[in-house]
Each structure stands twice: as C-alpha cells, then as structure tokens.
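Hi,

Here is the structure I promised to pass on.

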Amino acid sequence: MQVRGSVIKSIDSFVADNHGSKYEEWKKGLSAASSLLLASASSSNWYPVEPGVIVPTQVLCDMFYSDKKQGAWESGRYSAKMGLTGIYKVFVLISSPSFMLKRASRVIATFYEPTDLKVANSTDNSMVIQFTMLPIKNELIEYRIAGWMEMALEICGCKNLQVKITKSMAEGDSMFETTITWD
C-alpha cells in the first residue's frame with residue numbers, strides 16, 4: 001500500500017498555503033515517520049500510505065476542520081489544482097469530462113498503488129466511478145480522491161457539478177463509489 005511522493009508534497013504545500021500561520025505547529029503534530037517522509041520525499045518515489053498521507057491528513061483535519069471529511073476533500077481539491085497545471089492543464093482543458101474520467105484509472109494509479117477502478121455508468125452529464133481496490137480502506141483517502149475529481153472537473157469547465165460518495169470501503173461497502181453529475 002503505497003503513495004507517490006508528489007501526494008505527500010501536495011499535503012505539505014496545502015497546509016503551508018492555506019494554514020501558514022500554523023504550519024510549524026502542524027509539522028510538530030506529525031509522527032516521526034510522517035515527519036521523515038515529509039522532509040525527504042521525492043515526487044516520483046513510492047512511500048507507505050499511512051505515514052505519507054493518512055497521518056498528515058488526519059493531523060491537518062484535527063487542527064483546521066470541524067469536519068475531517070471536508071479537510072480531506074479540500075486537500076484533494078488543492079492537489080488537483082496544483083497537479084493539473086502546465087502541460088497537464090492543456091490536457092484537462094481540451095478533454096471532455098467523460099473522456100478525462102474514463103482515463104482516471106491511469107491517473108489514480110500514478111499516485112496510489114494498488115488501485116483498481118472502472119466507470120460503471122456514463123452519460124453526457126453524469127458518471128459513476130467504482131474503485132474496487134484502494135491502497136487502504138480509509139475515508140480520508142476516499143474524500144481526498146473525491147475532492148481531486150471535483151477540482152479536475154471544475155478545471156474541465158463543468159458547471160453545476162456535484163460529486164457524491166455513494167459507497168465507501170471505509171464504511172464496509174465492497175467498493176468506493178462516486179456519483180458525479182454536471183450540466
């Protein structure tokens with residue numbers, strides 16, 4: 001169960017950019033393993049998901065959000081905003097939402113390992129994406145991914161966008177499922 005270093009770096013940047021006055025306090029609240037990864041992570045290498053993502057996200061949620069799901073969601077949105085720039089932004093801007101989300105399995109696999117997902121249903125204005133495998137059954141990971149998808153679709157130009165988690169592996173379902181609609 002691994003995560004790419006770029007995910008770890010995006011959490012660090014999220015806290016620094018959005019909660020800068022308490023950034024050092026957040027760092028002090030991390031476990032020793034998380035602190036070490038934060039200080040040494042390379043964007044292209046793989047790291048354990050628990051100290052790399054879950055612990056830092058849990059600490060940021062505990063410090064800055066009354067609803068930890070919202071904190072994970074916002075962190076995922078930030079990651080998409082930062083990650084889908086430069087050459088990737090051009091790809092997102094010229095892609096239809098359906099085209100981009102159908103490629104989601106390739107995108108997610110570059111950040112989380114192992115993963116397995118499929119598009120279960122797709123129309124011109126909606127899509128159901130089912131993750132049958134994630135690196136760990138954890139709601140913070142699920143909300144982070146859903147937030148990432150939401151921002152990616154906003155960058156695509158989707159209007160009246162709604163991303164809902166309709167099934168959760170963290171809550172005992174056999175899959176993590178998002179239902180997405182837009183105009």
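A definition to start with: helices (H or I, at least four residues) and strands (E, at least two) are DSSP runs, numbered from the N terminus. Keep in mind that this is a predicted model, where local features need pLDDT of at least 70 and side-chain atom pairs count only at pLDDT 80 or more, while totals for chains, interfaces and linings use all residues. Residues are numbered from 1 along each chain as its sequence is written, and side-chain values use heavy atoms, with hydrogens and water left out.

**Lys-9 and helix α1**

Lys-9 sits in helix α1, which covers residues 5-18. Its relative accessible area is 35%, so Lys-9 is partly exposed (buried means under 20%, exposed over 50%, and partly exposed in between, with a 1.4 Å probe and protein chains only). Leaving out residues up to four places away in sequence, Lys-9 touches Ala-41, Ser-42 and Ser-43; contact here means heavy atoms within 4.5 Å. Lys-9 and Leu-38 are 29 residues apart in sequence, with 7.0 Å between their C-alpha atoms.

**The chain as a whole**

The chain has nine helices and seven strands. Its radius of gyration is 16 Å, close to the 16 Å that the globule rule gives for 183 residues, so the chain is as compact as a globular protein of that length. That radius is taken over C-alpha atoms, and the rule is 2.2 Å times the number of residues to the power 0.38. Along the principal axes, the C-alpha trace spans about 45 × 35 × 30 Å.

Of the 183 residues, 49% are buried. If you take contacts between residues at least 6 apart in sequence, 66% of them join residues at least 24 apart. The accessible surface is about 8,800 Å², and carbon and sulfur atoms account for 51% of that (Shrake-Rupley method, 1.4 Å probe; for residues, only the protein chains shown count as cover).

On charges, there are 19 positive and 19 negative, and their mean positions lie 5 Å apart. Lys and Arg count as positive and Asp and Glu as negative, with His and the chain ends not counted. Each charge is placed at NZ of Lys, CZ of Arg, CG of Asp or CD of Glu.

**Cysteines**

Cys-158 is buried, at 9% relative accessible area. Cys-156 belongs to helix α9, residues 139-156, and counts as buried at 14% relative accessibility. From Cys-156 to Thr-179 it is 23 residues in sequence and 17 Å in space, C-alpha to C-alpha. Cys-61 is buried as well, with a relative accessible area of 0%.

Ser-75 is in helix α5, residues 68-83. Is Ser-75 buried or exposed? Buried, because its relative accessible area is 0%. Leaving aside neighbours within four places in sequence, Ser-75 is in contact with Ile-11, Phe-14 and Arg-144.

Ile-136 lies in the loop between β5 and α9 and is also buried, at 18% relative accessible area. The contacts of Ile-136, not counting residues up to four places away in sequence, are Met-1, Val-49, Glu-50, Ile-54 and Ile-141. With Met-1, the separation is 135 residues in sequence but 6.6 Å in space, C-alpha to C-alpha.

**Loops and backbone geometry**

Asp-124 is in the loop between β4 (116-123) and β5 (126-133). At a relative accessible area of 68%, Asp-124 is exposed.

Two backbone details to look up in the viewer. The peptide bond from Glu-113 to Pro-114 is cis, with omega near 5 degrees, and Pro-114 falls in the loop between β3 (112-113) and β4. Asn-160 has a positive phi of about 50 degrees although it is not a glycine. Asn-160 is in the loop between α9 and β6 (162-167), and it counts as exposed at 58% relative accessibility.

Cheers
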